Amino acid sequence: MADPGSTLPPPAAPDPETTSWSARTNWLARLLGQARLGFVFIALTVLVVSLGFWWSTRDAMEDLPFLKGYRQGVNLPESQKTLVDLRPWQVASTLATFAVTNEEVQDAEEAERLADHEVDQAFAAALREATARVQKRVLTGEALELSQRVADLEKLVKDDKAQMAAMTASGTGTDSESDDLEIAKAQLGLDNDQLNDAQEDVARASGDDRAKIQQELSDREAAMKKYDAGLQVKGPAAVASARRYETLMAQITAWRNQITRQALLEQARQQTLNDVASLTKQHNALQAQIGAASHAPAGSGTAASGAQGDHAARLVNLRERSAERQLLSIYDDRIQTEQQLAEVY
């Protein structure tokens, strides 16, 4: 006889509605999980791209050759070294090539104008400083010997010119007189060449940089003439320029370019502010020097104020003070120009 407790009721049939809902729920969960993974992947991609842009533009101006020579521990090739700092103009003219809209071109032109003025004032200051150093320097040794040779050659050139003037005034009626005049011209040219060479030797031996600074100034003026002769193309207005970035790819490209331009401008602005601080330091040092000189006690020669030597010394002192005041004014102008340049950037 069968055990009644061993008989189990048949399992209940699954509810079709419950099964369908569970399947939809699982599908939605899987979909949301995939969506979350997709969002995470997109976020990581954007992060990696952003880090790549940041890394590539972390120091956007580090590869510009005219900046390397002014970084600590880095030297420029000899052909790129200059006594006068040309960076304000080099940076402004380089950044001008990144201007896109007409408004940006106008800002770039203002930056170039200010930078050009700043470099001109830097040359003026360099020449005055070099002249002051030469006037205060006492020549000794080789430099003294070379300066005496320069004095002799200057007298020789002066005599050559006087002889040529006399021969020209008397006329060259005969072939012999004409030949003598040509010989005198050749002698004058030779003596002039020797004088120029001796002057360069004295400048090198005594540390006189005026000739080199003047040569750099001449080179810059020639380069500026070529630059001014170039065609300056205006860009479209900002509103019209924005229409070019309607596609996603164009917007991504514009975004990357904007990051680079922003990094360049920020670095240029920071370097300009550093120049302001450096010029201010030099200005204050010169001002303190002028103040100390004006309060210094008079020398023993003051008692003999009527003596010719004392008069000459006082005249030299007054000229030095005047040159220092002019240099102080140049520093003021350069500081103001650099501040305006930082505002434009």
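How do the residues of the lining of the largest cavity divide into nonpolar, polar and charged? They divide into five nonpolar, two polar and three charged, where Ala, Val, Leu, Ile, Met, Phe, Trp, Tyr, Cys and Pro count as nonpolar, Asp, Glu, Lys and Arg as charged, and the others, Gly among them, as polar.

The model is predicted, with local features needing pLDDT of at least 70 and side-chain atom pairs pLDDT 80 or more, while totals for chains, interfaces and linings use all residues. Residues are numbered from 1 along each chain, and side-chain values use heavy atoms, without hydrogens and water.

On a 1 Å grid over the protein atoms alone, a cavity is a set of points where a 1.4 Å probe fits but cannot get out; a pocket is an open set with protein on both sides within 12 Å along at least five of seven lines, and lining residues have an atom within 4 Å of a point. A volume is the space filled by probe spheres set on the points, which are joined across faces, edges and corners.

| Site | Volume | Lining by class |
|---|---|---|
| Largest pocket | about 410 Å³ | six nonpolar, three polar and seven charged residues |
| Largest cavity | about 80 Å³ | five nonpolar, two polar and three charged residues |

Arg87, Pro88 and Val91 are among the residues lining the largest cavity. Helix 9 gives the most to that lining, with four residues (helices are DSSP runs of H or I, at least four residues, numbered from the N terminus). For the largest pocket, helix 4, helix 9 (248-294) and helix 10 (308-344) each supply at least two lining residues.
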